[in-house]
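Here are a few friendly exercises on charged side chains. Have the sequence and the model open as you work through them.

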Amino acid sequence: MVGFFRAIIAVIVAVVIQGGVSGVVETDPADAAAAFLDGIKTCDEQVLNTYMDNEYVNFLANVEGDEKTTDRMVAAIFKNLEYKASDVATKRSVAVVKVHVKTNDFSKVMDAYDKASYKYVVDNLYDDDIGDKEKLNAKCLDIYVKQIEKKAEEEATLEKDIYIPMVSDGYGGWKLLIDDKIMKALMGNLAIPE
């Protein structure tokens, strides 16, 4: 009788182990793209850390300034961002997801920022705070964010199809190959201040 129970336990253990190995289900490329897009829109720390080598992602993660102002900036950039995966092409360990993106056009924000920051400096040229680098940087960031917020109040008019390439990570998931062109489209052609 004891031998019978040992045999049953051995079979159950073998089935559980086999199920664990073969139970690895590969993530759908469209789901991987959606997870990335959701993570960028909410500035999810794990997503940002994964794609930190991208200039735009690095900017989102490391912009210097007080937290309230940087939170306002991110909220404004992605306020009207809408996206929908429409096609997926997969072959072995590579895939491409076509995503239709709609957002605000922030391409003129830098010009507006240049004018507004110049006006601020000229209007406050004799103010003691103008020589304080930290205070001036904080004010310039606030001016930049206000320009983004102003544009975000308008209706989203920029529509574009982007193609997100990815490769299998070997563990059932996908590593997205995110370049500046993709991020610039997601951020409405926003120019990053230097």
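**Exercise 1.** Decide how accessible E154 is, then find its partner.

*Solution.* E154 has 40% relative accessibility and is therefore partly exposed (buried is under 20% relative accessible area, exposed over 50%, partly exposed in between, using a 1.4 Å probe and protein chains only). Next, its side chain meets that of K151 in a salt bridge, at 3.0 Å from N to O. A salt bridge here is a side-chain nitrogen of Lys or Arg within 4 Å of a carboxyl oxygen of Asp or Glu. K151 is partly exposed too, at 25%.

Two notes on the model: it is predicted, so local features need pLDDT of at least 70 and side-chain atom pairs pLDDT 80 or more, while totals for chains, interfaces and linings use all residues. Residues are numbered from 1 along each chain as its sequence is written, and side-chain values use heavy atoms, without hydrogens and water.

**Exercise 2.** Work out which parts of the chain the salt bridge between K79 and E153 ties together.

*Solution.* First, the closest N and O atoms of K79 and E153 are 2.9 Å apart. K79 sits in the loop between α5 (67-77) and β1 (82-91), and E153 in the loop between α7 (133-152) and β3 (158-168), so the pair joins parts 74 residues apart in sequence. Helices (H or I, at least four residues) and strands (E, at least two) are DSSP runs, numbered from the N terminus. Finally, K79 is partly exposed at 43%, whereas E153 is exposed at 59%.

**Exercise 3.** How many salt bridges does the structure hold?

*Solution.* The structure holds eight. A network of them links R72, K139, D142, K146 and E149.
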